Structures are given as structure tokens and as C-alpha cells.
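Please look over the sequence and the 3D structure shown here before reading on. The report is written for a reader who is new to protein models.

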Amino acid sequence: MIETERLLLRGWTDADRDPFHAMCRDPQVMAFIGPLQTREESDAGIDRQIEFLHSHGHCFWAMERREDAQFLGFCGIKPGAAGTPVEGEIEIGWRLAVPHWGHGYAREAARATLAWTWQHSDAASVAAITVEGNVRSWGLMERLGMQRALDQDFDHPGAIPELLRHRTYRIARP
């Protein structure tokens, strides 16, 4: 568990399945991720994160607001996706429900995740990937101090054709 002033990053529970599925059905949330997901697909996403937590000690953790335990989305680290420039590295990522955009939650959670990563791993760097058009996401990567690896832009093997082209960012251990 990671605590910040306003947030709690924690393992997933069954109570997270409904609000996570609602996020995965929101066209705004999924605009740069891919098609709207079925319940089975969103549940499988949670199940993958639970497995990452058990096997690696970290995952894209569920994010909740401390003041009211409201599920906001996720933020955390996981193994980089196969077939991408970050394969085998630590990849940071986040996703929030639309009502929680613009409040600084993703930045707060990502900073706490990076601090946790430096303290609990020997990783020399942390990577992130996003679709070129996702200005909010790569803008946050830059605000976190991540640098774009221009020579590592790529077509994501798991993306739909409209979202193929991805950017790669990295931040070195301080």
C-alpha cells in the first residue's frame, strides 16, 4: 500500500470490479486505449494486476481517495509489455475515471509510485508508453521529469490500427 496526502494505492478487491468496468466502458477514458471493454475483459484486466502483485510485488494498483474511499482508477508499475521497447523493464501507468481528471490525482499517484519504485527495486530507470495523440498522458510524463526516447517510438503490437503509434518515455533513478 502507498499512501499520499489524498490517495491510497492498494491491491485490487472485488468491490473495484464495478467502477473499473464503468471506466472501461467510458468512451472518453478509452479514447486512447482501445475499444470499450466487456465485463469479462475488464475483470481479466484486474485479474492480471492481481497476478502481477502476487508474482512481482507490484502492479497497476487500485487508486482510491482517502477522504471517502472513492475508487478513482489506477496507478502503479508492472513489467513492460512484450513486443515493445519497454519489454522486461518496469513500466509506470495510470488511468482515471473522467470525473477525477484535472485534480492532480494522477501526478500525485505517479510521483508516489516512482518514489516507491526507487525504494523497493534496483531498477536503473522506469519507462512509460502512450499513444502519440494522448497529450494529457505524455504531458504528465514530461511533468514527472521523464524524457522522450525518440528513437523508441513504435507501433504497439496489441493496439487497434487507429492507436498503433506509441511514444516511449523514461526516467532514470535519481
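## About the model

This is a predicted model, in which local features need pLDDT of at least 70, side-chain atom pairs count only at pLDDT 80 or more, and totals for chains, interfaces and linings use all residues. Residues are numbered from 1 along each chain as its sequence is written, and side-chain values use heavy atoms, with hydrogens and water left out.

Helices (H or I, at least four residues) and strands (E, at least two) are DSSP runs numbered from the N terminus. Strand 9 covers residues 165-172, and six of its eight residues are buried, where buried means under 20% relative accessible area, exposed over 50% and partly exposed in between, with a 1.4 Å probe and protein chains only.

Two strands pair if DSSP finds at least two bridges between them. Strand 6 (residues 125-131) runs antiparallel to strand 9 and is joined to it by seven bridges, with Ala128 as the bridge partner of Tyr169.

## The nonpolar core

A nonpolar core is a set of buried Ala, Val, Leu, Ile, Met, Phe, Trp, Tyr and Cys residues joined through side-chain atoms within 4.5 Å. The largest one has 43 residues, and Trp94 is among those with the most contacts inside it. Helix 4 (residues 105-120) gives the most to this core, with eight residues.

Leaving aside neighbours within four places in sequence, Trp94 is in contact (heavy atoms within 4.5 Å) with residues including Phe74, Ala106 and Leu140.
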